[in-house]
Amino acid sequence: MTKLTTYEIAELINVKSILEELPDFETADALEDEAYIRISSLRQSKLPNRVGVRTALEHCYEDNPCNSPACAMCVSRNRLQLIESVLRFYFYAKPFFYFITIVYFSDELRCDNPKAVNPQTLMNRLRKQLTKAGFTRPVMGTFEMDYDLRTQTWIPHFHLIADGVTRDKIDRLTELVNINNSGYRAGIRMKPFDSRLVCDIHGLVPYMYKFMIQAKIAKSTPGSRPRKVRLPEKQFVYSLIWLHQFKFTDLEFRYKVTRSKNGLNAKCHSID
Ligand SMILES: [Zn+2]
């Protein structure tokens with residue numbers, strides 16, 4: 001292992017500069033616009049339980065943040081910290097990662113309000129599936145939801161990164177995830193599991209930790225990625241109310257790794 005200079009390490013973990021290079025990362029202006037849009041929607045809404053989140057967002061200041069995952073400003077701050085801790089954690093890892101997306105179509109929710117979706121239940125299931133598939137090293141990522149405009153359902157899913165994983169473990173995990181969770185839905189084939197081998201996670205980590213619920217528009221041509229757009233107004237307010245009940249750590253997935261104020265610590269043998 002080559003020992004890096006302090007300067008090289010500082011360069012690598014200069015997350016802000018990494019983020020600024022990414023086209024979709026919010027600028028200060030875009031963040032202010034987003035905060036305004038969220039507060040305006042909450043002010044206009046008549047939905048029950050909107051007041052708590054609206055008050056929190058209206059009274060969020062840099063020196064006294066509300067720390068709500070529904071707050072664009074706090075998402076941005078927490079996102080930076082999370083990305084930095086993940087990049088630090090993997091600093092000495094071999095540069096071969098699997099980027100995994102797992103969609104639990106079996107748990108999609110057909111209503112306007114996503115309140116019945118419980119991330120902890122799904123995280124516990126996923127941890128069991130990882131253990132069963134033989135994953136012995138840390139896996140981390142986030143829990144997210146999309147709202148599918150075509151089926152009008154909330155779809156829970158995970159984005160994960162895992163290093164040092166062999167193909168047979170990925171295949172075993174695919175089998176486990178597919179049980180009762182694959183087939184056809186509204187005439188379209190569901191794809192509950194997706195994995196790809198990547199060498200560089202600098203672009204993926206910011207993508208993973210975005211904490212934003214979006215609406216999904218079906219693919220226009222086969223093979224193309226579905227487009228993500230802002231949620232319809234009612235679902236948008238419901239999603240803010242839903243997000244507000246959690247801490248950022250509640251939406252973060254960790255397997256064989258713990259988080260403390262000093263960063264992430266592996267619960268297995270050190271990365272070799
Ligand atoms: Zn805030």
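Modeller: In this predicted model, the buried residues of helix 9 are Gln235, Phe236, Val237, Tyr238, Ser239, Leu240, Ile241, Trp242, Leu243 and His244. Helix 9 is thus a mostly covered element, with 10 of its 12 residues buried. It comprises residues 233-244, and the distance from its first C-alpha to its last is 17 Å, close to the 16 Å expected at 1.5 Å a residue. The cover over its buried residues includes helix 3, helix 4 and strand 2 (139-148).

Two of these covering elements also pack against each other. Helix 3 (residues 28-44) and helix 4 (residues 50-58) meet at an angle of about 145°, and their axes are 10 Å apart. The crossing of helix 3 past helix 4 is left-handed. On the side of helix 3 the contact is formed by Arg38, Ile39, Leu42 and Arg43, and on the side of helix 4 by Arg50, Val53, Arg54, Leu57 and Glu58. Sorted by class, this contact has four nonpolar and five charged residues, and no polar ones.

Helix 4 also contains Val51. The C-alpha atom of Val51 is separated by 9.0 Å from that of Ile241, although the two residues are 190 apart along the chain. Ile241 is among the buried residues of helix 9, whereas Val51 is exposed, because 12 other C-beta atoms lie within 10 Å of its own and a residue with 12 or fewer is classed as exposed.

The largest nonpolar core has 51 residues, and Leu240 is listed with Cys71, Val139, Leu160, Ile161, Ala162 and Phe253 as having the most contacts inside it. In soluble globular proteins, nonpolar side chains tend to be buried together. Val139, another of the residues listed for this core, is in contact with Leu130, Leu160, Ala162, Tyr255 and Lys256, leaving aside its neighbours within four places in sequence.

Helix 5 has 18 residues and reaches 25 Å from its first C-alpha to its last, close to the 26 Å expected at 1.5 Å a residue. Its buried residues are Ala72, Met73, Cys74, Val75, Asn78, Arg79, Leu82, Ile83 and Val86.

For the chain as a whole, there are nine helices and 11 strands. Buried residues make up 27% of its 272 residues. Of the contacts between residues at least 6 apart in sequence, 68% join residues at least 24 apart.

Some loop residues complete the account. Phe211, in the loop between helix 8 (204-208) and strand 7 (214-217), counts as buried because it has 23 C-beta neighbours inside 10 Å. Its phi is near 45°, a positive value in a residue other than glycine. Asn180, in the loop between helix 7 (167-178) and strand 4 (184-185), likewise has a positive phi, near 55°. Most residues other than glycine have a negative phi. Asn180 counts as exposed, because it has 10 C-beta neighbours inside 10 Å. Cys111 lies in the loop between strand 1 (97-103) and helix 6 (119-132), and its C-alpha is 6.4 Å from that of Thr153, 42 residues away in sequence. With 12 C-beta neighbours inside 10 Å, Cys111 counts as exposed.

Technical notes:
Residues numbered from 1 in each chain as written. Predicted model: local features only at pLDDT ≥ 70, side-chain atom pairs only at ≥ 80, totals over all residues. Axes fitted to C-alpha atoms, helices over the stretch in contact; angles between N-to-C directions. Helix = DSSP H or I, 4+ residues; strand = E, 2+ residues; numbered from the N terminus. Left-handed = near helix turned anticlockwise from the far one by under 90°. Contact = placed C-beta atoms within 7 Å. Nonpolar A, V, L, I, M, F, W, Y, C, P; charged D, E, K, R; others polar. Buried ≥ 20, exposed ≤ 12 C-beta atoms within 10 Å, placed from the backbone. Expected span 1.5 Å × (residues − 1). Core = buried A, V, L, I, M, F, W, Y, C linked by C-beta atoms within 7 Å.
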